[in-house]
Amino acid sequence: MAIQQADKLLKKHKDLHCAKVLKAIGLQRTGKQDEAYALAQEVAALEPTDDNSLQALTILYREMHRPELVTKLYEAAVKKVPNSEEYHSHLFMAYARVGEYKKMQQAGMALYKIVPKNPYYFWSVMSLIMQSISAQDENLSKTMFLPLAERMVEKMVKEDKIEAEAEVELYYMILERLEKYKEALDVVRGKLGEKLTSELQSRENKCMAMYKKLHRWPECNALARRLLLKNSDDWQFYITYFDSVFQLIDESWTPPAEEEHSLEGEVHCSIEQAVNFIEERITEESKSSRPLRGPYLAKLELIRRLRHRGCNDEYKLGDPEELMFQYFKKFGDKPCCFTDLKVFVDLLPPSQYTKFIRQLLDVIPLAAAAENEVALPGDIKALQQHLCVVQLSRLLGIYHSMEKKQKLAVVRELMLRYRHGLEFGKSCLKTELQFSDYYCLLAVHLLLDLWLEGEEAAVWQCLTLLEEGLSHSPSNAQFKLLLIRIYCRLGAFEPVSELYSSLDAKHIQHDTIGYLLTRYAGSLGHYAAASQSCNFALRFFHSNQKDTSEYIIQAYKYGAFEKIPEFIAFRNRLNSSLHFAQVRTERMLLDLLLEANISTSLEESIKSMSLSPEEDDIPWKDLRDNRDLTVLFSWDPKDRDISEEHRKLSLEEETLWLRIRSLTLRLVSGLPTLGHTIQPKNSEKTAENGVSSKIDTIRALLQQLEAAVDSGKKFLEQKIQYPVLGPPPTRMAGFFSNGSCQCQTSLFYLVSDIYELDTNGLDSAEIQERIGNSFKSLVERLTDLFNKCKGDLIEVRDGTLKTHPNLLENLVFFVETISIALWVSSYCDSVLRPFKSNLQKKKKKKKESSVAMPPVFTHFLDYVTELQTLTSNVIDHIKGLEIILTALKLEELSLKDTLLLQEEKKFTKTVQGKVQSSYHHSVQEIGELLKKRLDTIKKLKI
């Protein structure tokens, strides 16, 4: 409609630029990019200066993701209308979008000359800072860009033209980057510092940062002390106060006899003064109308530091156990009490753990209805106190040391408390969490312990309790995240998609928790869901580039200069994201798996992805692991929780697996480039037209793949076990153990042999024999891989369901390997077909009835026939699995476990039904894809 209206206008006014651009926008949005671009360039070549055309072209170029064209547009407009403030500012913003910092500096100064307003001048200064940040040479940054920026601001300071807080912030930023901390401190403490008013304590925080940089500990201490006198609940200043006290003690600093202690007033430089100061804060707090946690926690922090330094003065502050007990009595009904005390539990000796927990339980007002019944809380405060004690019990390892029967008894008690606590949350909205949700989570954690110890039924009870919890608290993200992890561990991906979308992950969360989804979708045979989850993630990463440019422009407009480097760093961090590289690679492999040589040819698929075997666009040296591995709550003791070592190992494993996958993708993308060219033997032309260099690329990539595989195998020799709620392991172990790795590398070596046959002709019997042997060993390896896919996916053992997700993952690897085998076979076919037609022509010419066919043809035909038979067998096996899964009567399972109440049984059936349905769905999708691949094999007849 819009295009038609634009056409009508253009019939009347042929040269109406704006109408042409609006038509181009219409074409762009209907998918006719080339026509839209041609029409836009036609208008741009005329260098329009009317605002409507320029704005419309800007919108179009943004939609085309071509921001660099906007700069050319406004460069031309500024030349024609040199005094336009609006066009100059649009030009500056256009440069900001593409990060042309040098040109931004020039545009800012040109704008200031036309309209001498401070913001324009400081735009130019900020552009100099950005040049210093982006400069590869740090020396150049500190000797040229930053000093020039400093001189430009000093000029304004001398002329008394500094007007806004943003300008002072910018001056401070320059001095800090130049490491002129003394000068920066003078600016903040001086007259200019009075403009720093937008943030609370902005001036004090900047002074504190400079004192630390200058190691001026007396000032640090005095300023922290002064700020704590104002607000004794500000934790960051307690940390600075303690740091500075111990620095002064280590330096044996003594206050001057007659002068002021420091610029900021009185200084504390001994442990006695620190102890007295904290005691005073607690005394003051007791008079306050609102209870403050800071002073009490500061006392525990001071004890911890004294103990760490080996001082004997901690007795002056009291017994940590008693202090924590008093803290619990005061703040135990607050949800933050557990996280506050968690930091200090290592002050307790392990022998006192049980006594300490008993002591806490004694002060909680719990009432039992009858003598042998569980004592329950009468209100929310008592419930919160009890929950805090249960969380501390888990943290101190009391539950871990229990036997199976005791653990099951604790699970029963926790679920009883959970259901009782639901009474307090009857008026809660659906978006609010129930007060007793943590009881349910802790019960699930205990059951997970039992599952890891070999109790198979425990995992089903985990799912049952979580589903029950979710029915009462539909917005609880922890229930959903745990369900996602457990379903995936069991090999059931179908329920996960819905759970993840209900989390409503926003923006950066697609990078931090997206791995929970993308790690399992494809590997469990849910190809459509895998495709969708990759799209979600990629949409976020691609929009990040465009969105960040807009944030930067807004920061310039509103003078939030200190945010600009942060936005740039944020964008770089996302561009270097490990998850981004993984999703991109897996998405392309998935697209090839689903489409190449099915709906489109392999060559077309690779072309549409702009894939090239020579290019590696993954920033290996700068890869950032942005995953949030602590997104799941954990109350485990330190020795059982996720450690820094686990994080490092997980990153190493993920990077190794990504390298293998990336090299596989690049090797596949190299197949069409070898395209069959009929050239005389040993012809020099083959080197000229690039084909021989292409095979060199394939061979080089193959060597890299071998090296990556070796590194992967060495890594797996460490037999690393991550905590159950820690990072999920990659698919690398299965890839090696089921034989997929050997199959895939053999296939790529076969490509090299076929190429050799192509260049040397059919004369070499040795090459033909080598190829024949490769075909045979490949069929054997693929058969072995299929054998590792056999078995029941779900079996009932002793009335309990047992799933075998590894069989499902093996099936997925089989489909992938057979697809690669077919792409390689298509290349073989393209090489052998011309040879066969040449032989037939010779046969006709010589009129001989029997020209001996070279053995390679027979080898290839046998190989294709065996591939066809094998694939048919796998399809039959999958049909068998479907029948078994459909026939599995879950309701007949004896849910005899005495732990299960009637309402729990209802959720257990739901859970088992979801797992069964998911496996059925996986098997169907795998079967459908294999049928398509079988059709492709049938076409392979030379």
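How are α14 and α15 oriented to each other, roughly parallel or roughly antiparallel? This is a predicted model, where local features need pLDDT of at least 70, side-chain atom pairs count only at pLDDT 80 or more, and totals for chains, interfaces and linings use all residues. Residues are numbered from 1 along each chain as its sequence is written, and side-chain values use heavy atoms, with hydrogens and water left out.

Helix α14 covers residues 235-250 and helix α15 residues 271-287; helices are DSSP runs of H or I, at least four residues, numbered from the N terminus. The two pack at about 160°, axes 10 Å apart, with axes fitted to C-alpha atoms over the stretch in contact and angles running from 0 to 180 degrees between N-to-C directions. α14 and α15 are therefore roughly antiparallel, the term for angles over 145 degrees. In contact (heavy atoms within 4.5 Å) are, among others, Y238 and F242 of α14 with F277 and R281 of α15.

Now the cores, meaning sets of buried Ala, Val, Leu, Ile, Met, Phe, Trp, Tyr and Cys residues joined through side-chain atoms within 4.5 Å. Buried is under 20% relative accessible area, with a 1.4 Å probe and protein chains only. The largest nonpolar core has 290 residues, and Y556, F561, F814 and Y863 have the most contacts inside it. Helix α38, residues 805-846, gives the most to this core, 19 residues. A second, separate core has eight residues, including L538 and F580.

Last, T585 sits in helix α30 and is buried, at 5% relative accessible area. Beyond neighbours within four places in sequence, T585 contacts I618, L658, R661, S662 and L665.

How values were computed:
Angles under 35 degrees count as roughly parallel, over 145 as roughly antiparallel, 65 to 115 as roughly perpendicular and the rest as oblique. Buried means under 20% relative accessible area, exposed over 50%, partly exposed in between (1.4 Å probe, protein chains only).
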